[in-house]
Amino acid sequence: MSANPFLDPALVQGDLYRGDGRLADRTQALHRAKISGSDVADTIANLLDARVPRGAIVLDIGCGRGTTTLRLTDRLRPRRLFAVDASVALLRTTRARLGAAGALGSVVCADFHHLPLPDSVADAAVAAFCLYHSSTPGLAVAEIARCLCPGGIAVLVTKSLDSYGELDHLVHAAGLDPHATSRPSLYESFHSGNLHTLVAKNLTVIDVHHEEHVFQFADATHLARYLITTPKYRITLTGGIPALASALQQRLAPPPYTTQSTVSYAVAVRA
């Protein structure tokens with residue numbers, strides 16, 4: 001078992017993404033807390049909109065619950081879009097959301113190291129907040145590059161190593177995980193600091209853009225709703241969100257609780 005839950009295949013294929021509820025709850029808690037930073041799906045669509053012609057073939061790698069997928073279909077009007085993820089549950093949600101929006105797209109269950117797609121098939125590819133699940137992200141980038149046409153554009157998105165680091169100190173201070181401040185970053189394999197180097201091995205990097213996102217949890221319950229979804233900590237307290245919120249309220253200074261993350265976008269082209 002890896003010390004980093006995001007690099008543990010048993011967890012990634014099991015509790016983390018066997019259903020879509022954990023990711024949905026995590027995303028919802030973060031969105032409620034966000035007080036600064038652009039909408040990521042909008043930013044990705046903006047980066048591609050000026051570079052990708054209408055009627056393109058687009059890949060959304062590691063599509064998750066399909067939020068970026070929907071934005072791409074709306075903004076780019078692709079001739080064909082493939083939403084790719086290794087989680088059947090997340091693809092089921094993506095397919096349902098596409099259908100509800102009347103959007104066209106195909107879902108593909110696959111490992112991003114081995115995409116079941118021909119060479120040079122796509123005009124554009126997105127891989128957002130997924131490549132840090134690979135212990136060899138460079139190989140995944142190479143596979144994405146293989147699927148791009150010459151001149152095809154990729155937007156690869158990740159977070160900084162110190163993302164949400166303030167929460168490590170809160171969890172430690174509350175006595176919920178004595179090792180919270182020493183656990184490895186969930187983003188250690190593919191992060192803002194090594195993004196350019198890893199992408200440049202297989203694609204020509206046009207630009208790398210970093211943006212700070214700030215989050216403010218309004219009260220202990222809001223913070224508990226987020227903490228209970230993150231696999232980074234070893235919180236053994238039982239009783240779910242109410243018990244966790246009660247412990248935070250008793251042991252920490254009054255809210256709000258603020259944290260931050262750097263979101264980084266690499267725009268690259270297949271030469």
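Residues are numbered from 1 along each chain as its sequence is written. Because the model is predicted, local features need pLDDT of at least 70 and side-chain atom pairs count only at pLDDT 80 or more, while totals for chains, interfaces and linings use all residues; side-chain values use heavy atoms, with hydrogens and water left out. Helices (H or I, at least four residues) and strands (E, at least two) are DSSP runs, numbered from the N terminus.

**Helices α9 and α10**

- Helix α9 (residues 220-227) packs with α10 at an angle of about 125°, and their axes are 8 Å apart. Axes are lines fitted to C-alpha atoms, for helices over the stretch in contact, and angles run from 0 to 180 degrees between N-to-C directions.
- α9 and α10 are therefore oblique to each other. Angles under 35 degrees count as roughly parallel, over 145 as roughly antiparallel, 65 to 115 as roughly perpendicular and the rest as oblique.
- The crossing of α9 and α10 is right-handed. A crossing is right-handed if the near helix is turned clockwise from the far one by less than a right angle, and left-handed if anticlockwise.
- Ala-220, Thr-221, Leu-223, Ala-224, Arg-225 and Leu-227 in α9 meet Ile-241, Leu-244, Ala-245, Leu-248 and Gln-249 in α10; contact means heavy atoms within 4.5 Å.
- The residues of this contact divide into 8 nonpolar, 2 polar and 1 charged. Ala, Val, Leu, Ile, Met, Phe, Trp, Tyr, Cys and Pro count as nonpolar, Asp, Glu, Lys and Arg as charged, and the others, Gly among them, as polar.

**Helices α2 and α9**

- The axes of helix α2 (residues 21-33) and α9 come within 8 Å and cross at roughly 140°, so α2 and α9 are oblique to each other.
- The crossing of α2 and α9 is left-handed.
- From α2, Arg-26, Ala-29, Leu-30, Arg-32 and Ala-33 meet His-222, Arg-225 and Tyr-226 of α9. By class, the contact of α2 with α9 has 4 nonpolar, 1 polar and 3 charged residues.

**Helix α6**

- In helix α6 (residues 137-147), 8 of its 11 residues are buried. Buried means under 20% relative accessible area, exposed over 50%, and partly exposed in between (1.4 Å probe, protein chains only).
- Among the buried residues of α6 are Pro-137, Val-141, Glu-143 and Cys-147.
- Cover for the buried residues of α6 includes β2 (57-61), β5 (122-128), β6 and α8 (195-200).

**Loop residues and backbone**

- Arg-77, in the loop between α4 (67-76) and β3 (80-85), has a positive phi near 50° and is not a glycine. Arg-77 counts as exposed because its relative accessibility is 52%.
- Tyr-164, in the loop between β6 (148-159) and α7 (165-173), also has a positive phi, about 60°, without being a glycine. Tyr-164 is buried because its relative accessible area is 5%.
- His-191 lies in the loop between α7 and α8, and counts as buried at 12% relative accessibility. Neighbours within four places in sequence aside, His-191 is in contact with Thr-158, Lys-159, Ser-160 and Leu-161.
- The peptide bond from Pro-255 to Pro-256 is cis, with omega near 10°. Pro-256 is in the loop between α10 and β8 (257-269).

**Arg-251**

- Arg-251 is in helix α10 (residues 240-251) and is partly exposed, with a relative accessible area of 44%.
- Neighbours within four places in sequence aside, Arg-251 is in contact with Ala-173, Ala-174, Gly-175 and Leu-176.
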